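Please read it with the structure in view.

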Amino acid sequence: MKLEEFNQLEQFKINKNEKNKILLENLIELTQIHFENCQSYKKILEKLNTDITKIKDIKDIPYIPVRLFKDFELKSVPDSNIVKTMTSSGTTGQKVSKIYLDKINTLNQTKVLASIITSIIGKQRLPLLLLDTEMVKKDRSMFSARGAGIIGFSVFGKNTTYALTDNMQIDFEKVEKFIQDHKNETILMFGYTYVIWQFIVKELEKNNKKFNFDNIILFHTGGWKKIKAEAVDAIEYNKRVQGVLGNVKVYNYYGMVEQLGSIFVECEYGHMHCSNHSDIIIRNSKDFSSVEMGKKGLIQLLSVLPTSYPGHSILTEDEGVILGEDDCPCGRKGKYFKILGRIKNAEIRGCSDTYEKH
Amino acid sequence: MQKLEDVVILMKNINYIIGSNNIETSALEPFSDCVCDFLAELSSDLMKSTVIRQYPDLSAIAFWARTANIKKMKENYIQNNRIGRGLCFHIAPSNIPINAIFSYIFSLLAGNANIVRLSSKDFPQVNIISNLIKEILVKYPDIEARTAFIKYERDDEISAYFSQCSDCRMIWGGDKTISIFKKYETKPRCVDITFPDRYSVCIINANAILNTTDDKLIRLAENFYNDTYLMDQNACSSPQLIYWLNDNKEARTKFWNFVMTYANQKYILQDAIAVDKYTKMCEDSILYDNLGEITIDTNLLYRAEIKKLNENIANLRGKGGYFYEYSLKETREFYNIVDEKYQTITYYGIDPEIIKEDIKRYHLKGIDRIVPIGQAMNIDIVWDGHNLINELSREISIQ
């Protein structure tokens, strides 16, 4: 099944046998495309003695370490086709990943992100409050993951409003007006896990203030590292968010700049879900063999979206565990998993823990 | 010179693990009795303690500083016309933390007072031995007055201040650290001993592997492990490249199997190292067309075959069990790529005398040590091409 056709299928509804078949076919094709069009990728596969014609299982798809995107310009299309270069938002001095996107790749990212998000919020556009500052999207020449996320999310909303000023202060007047304007409507919110925590939750708590929204769907992403350091887990996080914002359904999602679009959303039961377009394999660090369900190890992520750069199969530096497949009580099909955090001692990646004090 | 109040402000940012800013800077004679006694006590206390089983680098110190070894060195060193230079400032490395202590001991034996800047990272074995030294020093006031172990976050002013006071400096930590410290003003007569980034290789005679017993190969594998895996190949003296003389596939397989067997029992492969090795393999594939096949035995051992010898080879650095290999037709085949970066050759089944003579005959700029496999890490008073006792002391001539 070709990607265009695949994109028509409803998210989280296909069972594993059907999904495996479609994914495998598409991932093999992508491996071949990148092999032929990305010299660096080809050299790696040659050293690994990969015979693409012999790939029979998703586990056989070769994977490249995510750090390579920091040190090399990996792309499979001519420079003239590249319309966007995405970067991870590293802190000063850190190397950032550079992801080269052409039109088709960008379009597919947008489509797939939309199909995943609308499977949760429905097809209608909702009033959108972005829990960030408008500053992050000002520099359009180099997209950082944070700015791109904001822009990407904006398509699901209307009357888009930014909750923070340029100085990362809550713009109370603006937010209050937004509440007044959208009484009795479902509100969509989006922001970065840490930014929400630092500049919304803690700030409101400190000043003994809160907003009273009736009905919010909040999506957040970006990683827990800094928040974990404050010994706050997801349950606590959600409780405190609800405490300052009102009636909120909180959806955390996991995504990497290397595989934008095919994000992994955490369901109501706290499980991260693979969408139709993505898959996860857990590998043990001893020999990179895949481990059985329930065992922890390094996370390998697969996505059928990357066509302009060889990012369809990457080995991350995160640890995780697969909890099940097709049988989550939330009803979504596909593998579901838990992320346990970055492996110890590895290079510190700052995908979107973006706000650093200088 | 700096004004006193400036210095006082500076000192607030320095953590004195041992000693104080009031350090005695006058020199002693090399191998003075109090220093030898102090080292004997340090060694025997370490030997008695149970922690050395946990930290092989501490047992290396205990073994090196044992009475018999110090006595032997002192006897070999009968010279009564030398005295230390005065104050030595040590900038310790963070790749091999224990070298801070060796650096201190060598300079102490040469007769100097010492300020040792420890790495700002915390290493348990360095903490243990620092505490022990502090305890023992109480009984040796002459050395105690001449010793300071300090920690401070990178700070130009503090580093510049100590550099200005020093009569000699031991600068570890590689090229970057050296270039930073060279910028500070020192006394015109200050002697710097620098330990830049170096490169080390191993030469194995394949015939010798085939002609020896399994028992000996087990020991060889253990020795090779100690040179490499033990410190994740982080040391400059740890070999990156294995040169095979009289190359033979069976010998290679045999050798690596023994190494793998030993490493399998001993080595704890960290997740991050596994990812680093795989990443390194991908980077190598992209960057070096000069590499042939890369053999991966689980994630414990990566071996990349080098097609052709050239100067770039010294840039190929593995870690945690990632080696490069090349089949040598004769020993001197690699001499024309030897530059001043080459430090240690570890060997098996060859005569080190031949290489030593060749270094002179072919005017090689590098290779400071030629030692059997297993001794790559054995630091000593002659290190990196320097006789540290001589260079850290001065000679008085009389006529």
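Domain bounds come from an automatic or database domain assignment. On that basis, chain B is divided into domain 1 (4-195 + 384-395) and domain 2 (199-372), whose C-alpha centres lie 32 Å apart. The model is predicted: local features need pLDDT of at least 70, side-chain atom pairs count only at pLDDT 80 or more, and totals for chains, interfaces and linings use all residues. Residues are numbered from 1 along each chain as its sequence is written, while chains are lettered from A and ligands numbered from 1 in the order in which they are written.

Two residues are in contact if their C-beta atoms, placed from the backbone, lie within 7 Å. By this criterion, 5 residues of domain 1 of chain B are in contact with 6 residues of domain 2 of chain B. Between the chains, the contact takes 21 residues from chain A and 16 residues from chain B. The table gives the composition of two contact sides, where Ala, Val, Leu, Ile, Met, Phe, Trp, Tyr, Cys and Pro count as nonpolar, Asp, Glu, Lys and Arg as charged, and the others, Gly among them, as polar.

| Side | Nonpolar | Polar | Charged |
|---|---|---|---|
| Domain 1 of chain B, touching domain 2 of chain B | 2 residues | 2 residues | 1 residue |

Along its principal axes, the C-alpha trace of chain A spans about 60 × 45 × 40 Å. Of the contacts in chain A with a separation of 6 or more, 71% are between residues 24 or more positions apart.
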